[in-house]
Amino acid sequence: MEDLIKALIEMQEAEAIRIAKELLAKGTDPMKILEACSKAMEGVGSRFEKGEYFLPHLMMAGEMLRQISNMIKPLIKEEKSSKGKSKYLIGTVKGDIHDIGKNIVTFLLDANGLEVKDIGIDQAPEKFVEGIREFQPQIVGMSGLLTLAFDSMKETVQAIKDAGLRDKVRIMIGGGQCSEQVKEYAGADAYAPDAIAGVRLAKQWLGGK
Ligand code: B12
C-alpha cells in the first residue's frame, strides 16, 4: 500500500495503476485502496501548497484517482444488497469543480442500496432546490473542497429554506476543507469527514426515520 501512495504522490501513473491492479488481484479490500488514495492526495495537495507541484499535477492526480475508482467501482457493486428505495441527492456546490470525493461517496451509497441522484459539479443553489423538488430525496449531500465552497453551501441551505423544503431533507456536507464549524456556518445537519462516515450517517438517519 505504501508503494501505491508513493507512486501516486510522485505522479508515476503507469506504476500506480499497476500496483492498484495487483493489490485488487490479491484480494486487498477496495476500501483500503481508496483510503490510500486519499492519503496520497494529501501528499499531492501539500506539494501543491509548497509550490513544488502545479495545476497539471493536480490534474494528473485527479486522472489517476479516476482510473483507480473506476477499477474499484464494479467490485464494490458486487457486494451490493438490494434494500428499500431511500433517496440521496448529491452534488458539488457552486464555484467548485472537484468531484473525485463526491463520486466515491456516490458509488458507496449506491453500493449500500440507496437510490442516488448525482447532479454534478459547480451546481448553483437553485439546481439543488430543483433536484429536491423532482427527486424528493430524504437526504442531500453537498461536496466542496475549496474554501469558497463554504459560502456556496450556506447559500444552498438558505435556498432550500426559502423554497420551503428544509424540513423535508436532512443535509450533510463533506470534502477536504469542510469541518464541524463549516457545518454550523452553512446551517447543515452534519459533516462527514470521509465517504464511509457519510454512508454510515445516511443509513443511521434513514433507519431512524
Ligand atoms: C485533484 C485536485 C484537483 C483536480 C480535481 C479533479 C476532479 N475531477 O475532482 C483539478 C486539477 C481540476 C483541481 C482544480 C483546482 N484546485 Co484542486 N485539488 C485537487 C487535490 C490534489 C485532490 C482532491 C481530491 O480529489 N482528493 C481525494 C478525495 C477522495 O478526497 P475528498 O474530495 O476530500 O473526498 C473525501 C471526503 O472529503 C468525503 N467527501 C467529499 N465530498 C463529500 C460530500 C459528502 C456529502 C460526504 C458525505 C462526504 C464527502 O469523501 C471522500 C472520500 O472519503 C486537492 C488537495 C487535497 N489535499 O485535497 C486540491 C485542492 C482541493 N485544490 C485546490 C485548488 C486551489 C484548486 C484550484 C483553485 C487551482 C487553480 N489555481 O485553478 C482549482 C479549482 C477549480 C474549481 N473552481 O473548483 C486547493 C484548495 C485550497 C482552498 N483552500 O480552497 C487544494 C486543497 C490544494 C491545495 N492544497 O492548495 N484540483
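Trainee: The C-alpha centres of domain 1 and domain 2 lie 24 Å apart. Which residues make up each domain?

Mentor: Bear in mind that this is a predicted model, where local features need pLDDT of at least 70, side-chain atom pairs count only at pLDDT 80 or more, and totals for chains, interfaces and linings use all residues. Residues are numbered from 1 along each chain as its sequence is written, and side-chain values use heavy atoms, with hydrogens and water left out. The bounds come from an automatic or database domain assignment. On that basis, the chain splits into domain 1 (2-78) and domain 2 (87-208).

Trainee: What is the area buried between domain 1 and domain 2?

Mentor: Start with contact, meaning heavy atoms within 4.5 Å: 10 residues of domain 1 touch 7 residues of domain 2. Buried area is the accessible area (1.4 Å probe) that two parts lose on being put together, summed over both. Carbon and sulfur atoms give 83% of it here, and the total is about 780 Å².

Trainee: How many salt bridges does the rule find across the interface of domain 1 and domain 2?

Mentor: The rule wants a side-chain nitrogen of Lys or Arg within 4 Å of a carboxyl oxygen of Asp or Glu. The structure as a whole holds 8 salt bridges; E15 and R18 form one, at 3.0 Å, N to O. Across the interface of domain 1 and domain 2, though, the count is 0.

Trainee: Which residue is the only protein donor of the cobalt atom of the ligand?

Mentor: Donors are N, O and S atoms within 2.8 Å of the metal (3.2 Å for Na, K and Ca), and since water is not among the atoms, sites may look incomplete. Look in the loop between β1 (87-92) and α5 (100-111), with helices (H or I, at least four residues) and strands (E, at least two) taken as DSSP runs, numbered from the N terminus. There, NE2 sits 2.3 Å from the cobalt, and the only protein donor is H98.
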